[in-house]
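This report goes through a single protein chain, one topic at a time. Please keep the sequence and the structure at hand while reading.

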Amino acid sequence: MKAAITHAQGEPFKIEEVELADPKSNEVLVKIVASGVCHTDAVARDAAIAPLPAVLGHEGSGIVERVGEGVTTIQPGDHVVLSFAHCGHCENCLTGHPTVCETFNDLNFGGINDDHTHRLSQDGKDLSTFFGQSSFGTYAISHERNVVKVDKDVDLALLGPLGCGIQTGAGTVLNRIQPEFGSTIAIYGAGAVGLSAIMAAAIVGCKTIIAVDVHDSRLELAKKLGATHTFNGSKVDVVKEIKAITNGGTHYAVDTTGVPPVVRQCLQALRPLGTAAIVGVTPEMTIDVHNDLMAEGKTMMGVIEGDAVPRVFIPQLVEYYKAGKFPFDKLVKYFEFDQINEAFEASKNGSVIKPILKIQQ
């Protein structure tokens with residue numbers, strides 16, 4: 001098979017031939033049709049958060065070619081989306097929170113499969129797997145529990161980002177903070193994750209949906225997807241403006257930027273008893289716990305992968321899309337597989353919100 005290999009930290013992707021072992025018990029072999037390009041892939045390449053060399057990619061969609069022994073819920077010919085790896089048997093997995101699986105980091109960033117072996121190799125040397133799938137290749141092997149069967153009536157190439165970025169934004173709103181009908185919410189960062197959160201807020205009927213970004217083009221798109229108000233954070237005092245239009249602050253906030261000053265803004269622009277969900281990868285920062293949280297009874301929480309159970313949540317998002325309530329197709333631009341480095345650059349410089357690689361027809 002062919003795969004885009006990250007040989008060393010910060011190096012461009014190189015599409016080369018690699019070997020893929022047969023699926024083992026409870027595993028599924030998927031012919032990858034497309035894969036979303038996510039910020040996490042860029043971090044993995046540039047910061048080496050997974051062992052290198054590796055085949056990255058964690059928003060894959062494709063068609064099942066073969067299943068291993070013991071697979072009962074997936075069969076050849078199924079259209080599927082691949083999502084994050086989780087053990088399926090720890091307390092968090094068993095109580096419906098696989099995004100905080102006790103072995104999440106090992107399974108997704110450790111470079112090996114569940115049984116601590118590799119499926120990918122090149123010239124006799126092992127290659128690391130990423131997020132239990134490595135979807136930057138023409139084929140991938142994933143555990144059955146990470147494979148989500150989806151509707152064959154929807155363009156399969158579009159669906160890959162549902163496995164991570166889109167799921168993260170929408171799930172943070174729909175699964176975790178669950179805003180009430182008529183409530184107010186501010187979304188900081190109008191990239192793929194933030195815009196997905198905006199569409200989710202519109203689904204539940206938030207009265208005021210505020211988008212904050214520094215790119216006017218993204219704010220214009222946010223309006224089309226459900227935002228009632230937009231603010232360019234480089235031009236206005238965001239906290240002052242939000243408190244003015246919400247009579248004291250929003251009930252809820254979602255930060256997708258991970259930028260410390262923006263995280264502080266999202267807390268400061270909450271009304272008393274407000275809740276902020278932080279989903280952006282945020283460096284160490286200082287928070288005035290008394291003034292920004294305790295004094296007004298505010299809540300600050302971290303959310304991973306939208307607190308979703310992918311095999312339940314992703315089909316729900318597909319149904320919302322089919323009903324015209326979740327038009328995430330407005331976020332994407334397609335690139336051919338050999339344009340992977342161009343796709344990453346477009347994502348990095350903000351010219352494209354959600355690049356999707358067409359791996360094969």
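Which residues in α5 meet which residues in α11? The answer is taken up under the first heading, with the reminder that this is a predicted model.

## Packing of α5 and α11

On the α5 side, the residues are Q167, A170, G171, L174 and N175. Their counterparts in α11 are P310, F313, I314, L317 and Y320. By class, this contact consists of seven nonpolar residues and three polar ones, with no charged residues.

Two packed helices are described by the angle between their axes and the distance between the axes. For helix α5 (residues 165–177) and helix α11 (residues 310–322), the angle is about 95° and the axes are 11 Å apart. Angles of 65 to 115 degrees count as roughly perpendicular, so α5 is roughly perpendicular to α11.

## Nonpolar cores

The largest nonpolar core contains 51 residues. Within this core, the residues with the most contacts are L159, L162, I185, L195, F328 and L331. Helix α6 (residues 192–204) supplies the largest share, seven residues.

L195 can be followed in detail. Leaving out residues up to four places away in sequence, L195 touches A190, R218, L221, A222, L225, L331 and I353.

## Cysteines

How many disulfides does the model have? The count is zero. A disulfide is a covalent bond between the sulfur atoms of two cysteines. The cut-off used here for a pair of sulfur atoms is within 2.5 Å. For C101, the closest cysteine sulfur is that of C87, at 3.5 Å, which is too far for a bond. C101 is buried, with a relative accessible area of 6%.

C266 is in no disulfide either. The nearest cysteine sulfur to C266 belongs to C206 and lies 15 Å away. C266 is buried as well, at a relative accessible area of 0%.

## Backbone details in the loops

The loop between α1 (39–47) and β5 (54–55) contains P53. The peptide bond leading from L52 to P53 is cis, and its omega is near 5°. A48 is in the loop between α1 and β5 too. A48 is not a glycine, yet its phi is positive, at about 55°. Is A48 buried, partly exposed or exposed? With a relative accessible area of 29%, A48 is partly exposed.

A positive phi in a residue other than glycine also occurs at D307, where the value is near 50°. D307 sits in the loop between β17 (299–302) and α11. The relative accessibility of D307 is 11%, and because buried means under 20%, D307 counts as buried.

## T208 in strand β13

T208 belongs to strand β13 (residues 208–213). This residue is buried, with a relative accessible area of 9%. Which residues is T208 in contact with, leaving aside its neighbours within four places in sequence? They are S183, T184, I185, T228, H229 and T246.

T208 and D338 are 130 residues apart along the chain. Their C-alpha atoms are separated by 42 Å.

Key
Residues are numbered from 1 along each chain as its sequence is written. This is a predicted model: local features need pLDDT of at least 70, side-chain atom pairs count only at pLDDT 80 or more; totals for chains, interfaces and linings use all residues. Side-chain values use heavy atoms; hydrogens and water are left out. Buried means under 20% relative accessible area, exposed over 50%, partly exposed in between (1.4 Å probe, protein chains only). A nonpolar core is a set of buried Ala, Val, Leu, Ile, Met, Phe, Trp, Tyr and Cys residues joined through side-chain atoms within 4.5 Å. Helices (H or I, at least four residues) and strands (E, at least two) are DSSP runs, numbered from the N terminus. Contact means heavy atoms within 4.5 Å. Axes are lines fitted to C-alpha atoms, for helices over the stretch in contact, and angles run from 0 to 180 degrees between N-to-C directions. Angles under 35 degrees count as roughly parallel, over 145 as roughly antiparallel, 65 to 115 as roughly perpendicular and the rest as oblique. Ala, Val, Leu, Ile, Met, Phe, Trp, Tyr, Cys and Pro count as nonpolar, Asp, Glu, Lys and Arg as charged, and the others, Gly among them, as polar.
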